[in-house]
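Here are some exercises to work through with the structure open beside you. Try each task before reading its solution.

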Amino acid sequence: MMQRILNLSIRLAMILAMVMGLLVFEAVLVLAQNPPPTETYFVPLPDDWLMQHMEDIDTDGGSVGDPYTPVRSVIGISISATDTYIYWDQWEDGSYDADIANPGGNVYNATTNPDGTQIWGDGNLDNGYPPRFRDQPNTAMRDTLVAGDVIVLDNLVPISSSGGSHGPWLGGRVAAQVYYDGKDKFAATLPVAATRAGWSEGDIDGAGGIGAAGSMFSDATSIEPTKLWGANFIVPIAYSPPGMTTPFDYSHVTVQASQNSTTVCVDVPPIGACDYSATINQGQQYDPTPMPNTSSPQGVPVGTEIRTNFPVQVVLVTGDVGSTWATRWYNIKPFDQWTNDYYQPVGTSGASSAVWVYNPNDKQITITIERPTGTFSGTCAAKSSCKMPDIPADLGGHGTGAFSDGSGPAVFYPVSVTEATGAQIHDWGYSLIPSEQLADEVLVGWAPGCTTVTGANECFDDLDTSTANDQVISRSPVWVTPLQNTTIYVDLDGGGVTCPDGGGAERTINATALTSYNIVDDPAGSVCDAFNTEAWNANYCNTNWSTNWVENDNNDIDSGSIAITDATKQLRFQSYSSEESGDVIYRDANLNGQSIARLKFTIGKSSTLDAVDNLAVEVSGNNGGAWTTLETLDGSTFTPNPSERIYNLPAGVLTTDFRLRFRIVDSLESGDYWYVDNLTISFGASPWDFDMSGARLVTCDGTQLATAWGQQPSYSYSGDDQALDMGTVLFALGSKIDIEKSVSPTLFPYEAPTPLIARYTFVVSNPGNSPLTNVTLVDNFENFYYPELELYCLEYITDSLIVEASHAVDVTSEIPLQANLGTMNSGEAFTITLEADVTDCGIGEHPNVAVADSDKTAQVLDDATFVIDGPPSAVELARFEAAAQEDGILLEWETASELDNLGFNLYRSTALNGDYVQLNAALIPAQNPGAVFGGIYTWVDEDVTPGVTYFYKLEDVDIYGVATLHGPVQATALASGPSAVSLTSFAAGGGGGVWLPLALSAMALLGGLKRRK
């Protein structure tokens, strides 16, 4: 027990420090502090580095596919929970904020501080909101985040070159241009799923030729939160593994720091000393291999170790030099997260898919691979990288490692290689997730089905001239493999899934263990016509029309007012006999049972059309018995020319007898024409947008899922302008943790008998559907600790600790509380209670925060507060104000009464929640001590800098040593104000000289006091 007999000065020091500290804490809460983040991220791969990587891999110097500015930089963030805040800190302003949630003077302003830190989700448009987010008017809805939302930061970032159109590109990003790109830092108050992608969007000759490879030369990677970073990595990929066509003869590592003064040691085999080293600061990145680099092989060899003093993230960029389009990105896991147990979700059709493993051990290992078709194995020599057998279509796999001599489990590291035969398309890859990091719920990050899908657009290749590839489907699905037989529920709209019946899911999959499933948000079917042949019966999509096109002109395919000619390969509506008015063409399709259908086509016109040259687009649900006009196109106002028309079809026409019709409204003059091309009607049983971003995959029986997103080779083809030649792994979201903290009693009355005993209860639970590992509970009781005295004001009571848990809990200390809860299964809850003597904590409110954490979740917090009541305040404050004037900042306060009042202290800070410094050297004495009436006080702070905003707090001190804080108030010093340091003056409106000696005596009694601000 703390010593009961304390001298008066120490006792008063403790009371004043405690009260002042708590009141400052309370003021922070009241003054609209943003919630702290639970996860922090840094965007990897600066865009000029991305361009240089592509330039070094594609060394042909002028053929199709050369990279050229700008870079299309894409960062996608999927929101898992409503009321999430996102804080975005741009690298361009030269530094990152110490408190990203509360950036103070560096908060974003569109006019005065465009590279400041933005705060998304608080409903305040002035401090930033997600760009191009929600098609809403200028209201708070544009800055409100709910579960299922997806923020896509898609911008074209120009990269300057010092050597012409082929680089070099390093250093080509300047801070004066602010974009969402590599090196930016962001944080989230609740878990999110984030993705980074990029490719060269530039076109050297301006005609879609050289440099137009676009997303065919690209990749993506999930952005991991800093809590999953590490300090020891091994490069798991060899330059040219045997049996493959050099997919890894370019292998550059990018090391990114989370803290300043991060030292990086790159140790190339034989392992021993650093071969490359660097010191980098927060957000900075380091590549030990020089760029540009035209030698081959390029990069660091397999088995290279990367060791740092602070956590970093490591992204590996690989490629087949000179292959035009082959590149793959890998987010490498720290070595302490490597295991002997992994799952692979991608088994492709149309191209090979394989897994390469690295054996870090000193002896040979055996990898046992389990699939639904059977179990087989392969070996890998010590310190080597080796290829496992190709994965058959529609199958996943489970791989475990053991030493070949039978001496026990052996860790290894696997990476996936899609299109493993060395072809130049369909190439993407990712690192497999350790099995202990899988869960039964996954949130999909940025995962579009094709390159241009936005809003109502379709995954349809408008540039392709081959009729064989005309299909309205996603090229890049979500791949999922369950570990056991289960039902997978897919939430596409953010509404959530309820268990045990999967309520709210838009899709249900009865899944077999270790089988690979593709999930897309596509229509069930489509009918289309690209008019690439002179025929009225073309069926290009996955569903046939019910009839051929029927026209009422002359029925000739290549002549008349309605025709398809081999020269134009378009459906033409043209002048023919000056009697085209009323000429029509129609075609039927079966849309029975569809809940949504969408018509899309490209349309253009001749420049000679006028206001009477109109074309009507009409639909019917009863074979033309009644028509609904979707639009009548006016030849004089039609714009742009050509343009894409998209219509959601009325529900009443979605029948067996659906008919689409084009009708020439008025006769056309000589040379007039309309044309229609690439016509598609897509339909399905539920809403679809070709985009899996923000989707959620859930099992209700606890079965874990291995998931990825990326290109399905069988869905795309060579030259497909809608193909996304990229993919990445998806991280688990299903693990959840919760904490509830309480204290009893919450109020100790004034002059209550001692000792005062507070009973704390902590309940930590796992409401998720998967186990949590390495769960911890921490409560530092930091608000109760006084560094001046090197002691806590509360004392743990021996034998009061009670732990209610299903297994042993390791409580390493009681105050501060440190408890290791181990593994918590789904639905499990642990309870810990303890009692403490809080008598010496003094009068006032006593809040503090407890934190629960695990390997798989973000931290969760809860607080509890008790109050020790005290005597009435010594002073009744009527007002406290601050105002700028020419000679400084005028502070004025007025009291209504001064019962037991000893005097005042003034404190100043340049930040709302910064450190406050006392302005007065001695206590400002009360004017009317002991009176039921008050006085007026003024203070001029002349030690100010023009244009700087200052914050002030006022503290009244009574004759018992109890201090009470008021404020803060603020004012900004005038631009014409004093600029040099000068004395600060004070004036009081009334007598007080009698009390000055008493005030000085009291200050002597409280001498040496260090208040906590």
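Helices (H or I, at least four residues) and strands (E, at least two) are DSSP runs, numbered from the N terminus. This is a predicted model, in which local features need pLDDT of at least 70 and side-chain atom pairs count only at pLDDT 80 or more, while totals for chains, interfaces and linings use all residues. Residues are numbered from 1 along each chain as its sequence is written, and side-chain values use heavy atoms, with hydrogens and water left out.

**Exercise 1. The whole chain**

Task: find how many helices and strands the protein chain has, and what share of its residues count as buried.

Solution. Start with the secondary structure: there are three helices and 65 strands in the protein chain. Next, take burial, where buried means under 20% relative accessible area, exposed over 50%, and partly exposed in between (1.4 Å probe, protein chains only). On that scale, 55% of the 1013 residues are buried. Then look at contacts, meaning heavy atoms within 4.5 Å. Among contacts with a separation of 6 or more, 74% are between residues 24 or more positions apart.

**Exercise 2. The largest cavity**

Task: work out which strands each supply at least two residues of the lining of the largest cavity.

Solution. A probe the size of a water molecule, rolled over the atoms, shows where empty space is left. Here a cavity is a set of points, on a 1 Å grid over the protein atoms alone, where a 1.4 Å probe fits but cannot get out; lining residues have an atom within 4 Å of a point. Grid points are joined across faces, edges and corners, and a volume is the space filled by probe spheres set on the points.

- Count: seven cavities reach 30 Å³ or more.
- Volume: the largest cavity has about 160 Å³.
- Lining: 18 residues line the largest cavity, and Gln 344, Val 355, Ile 369, Gly 399 and Leu 432 lie nearest its centre.
- Strands: E17 (341-344), E18 (353-359), E19 (365-371) and E22 (397-403) each give at least two lining residues.
- Ala, Val, Leu, Ile, Met, Phe, Trp, Tyr, Cys and Pro count as nonpolar, Asp, Glu, Lys and Arg as charged, and the others, Gly among them, as polar.

**Exercise 3. The second largest cavity**

Task: find which element gives the most to the lining of the second largest cavity.

Solution. The second largest cavity has a volume of about 80 Å³. It is lined by 14 residues, with Asn 331, Tyr 430, Ser 431, Val 729 and Phe 731 closest to its centre. Two or more lining residues come from each of strand E8 (218-222), strand E16 (327-332), strand E24 (428-431) and strand E43 (727-729). E16 gives the most, with three residues. By type, the lining of the second largest cavity holds eight nonpolar, four polar and two charged residues.

**Exercise 4. Backbone details**

Task: where is Pro 745 found, and is Leu 45 buried or exposed?

Solution. First, the peptide bond joining Ser 744 and Pro 745 is cis, with omega about -5°. Pro 745 sits in the loop between strand E44 (738-744) and strand E45 (747-748). Another cis peptide bond runs from Thr 754 to Pro 755, with omega near 0°. Pro 755 belongs to the loop between E45 and strand E46 (757-765).

Now turn to phi. Leu 45 is not a glycine, yet its phi is positive, about 65°. Leu 45 lies in the loop between strand E1 (39-42) and helix H2 (47-57). Leu 45 counts as buried because its relative accessibility is 0%.

Key. On a 1 Å grid over the protein atoms alone, a cavity is a set of points where a 1.4 Å probe fits but cannot get out, and a pocket is an open set with protein on both sides within 12 Å along at least five of seven lines; lining residues have an atom within 4 Å of a point.
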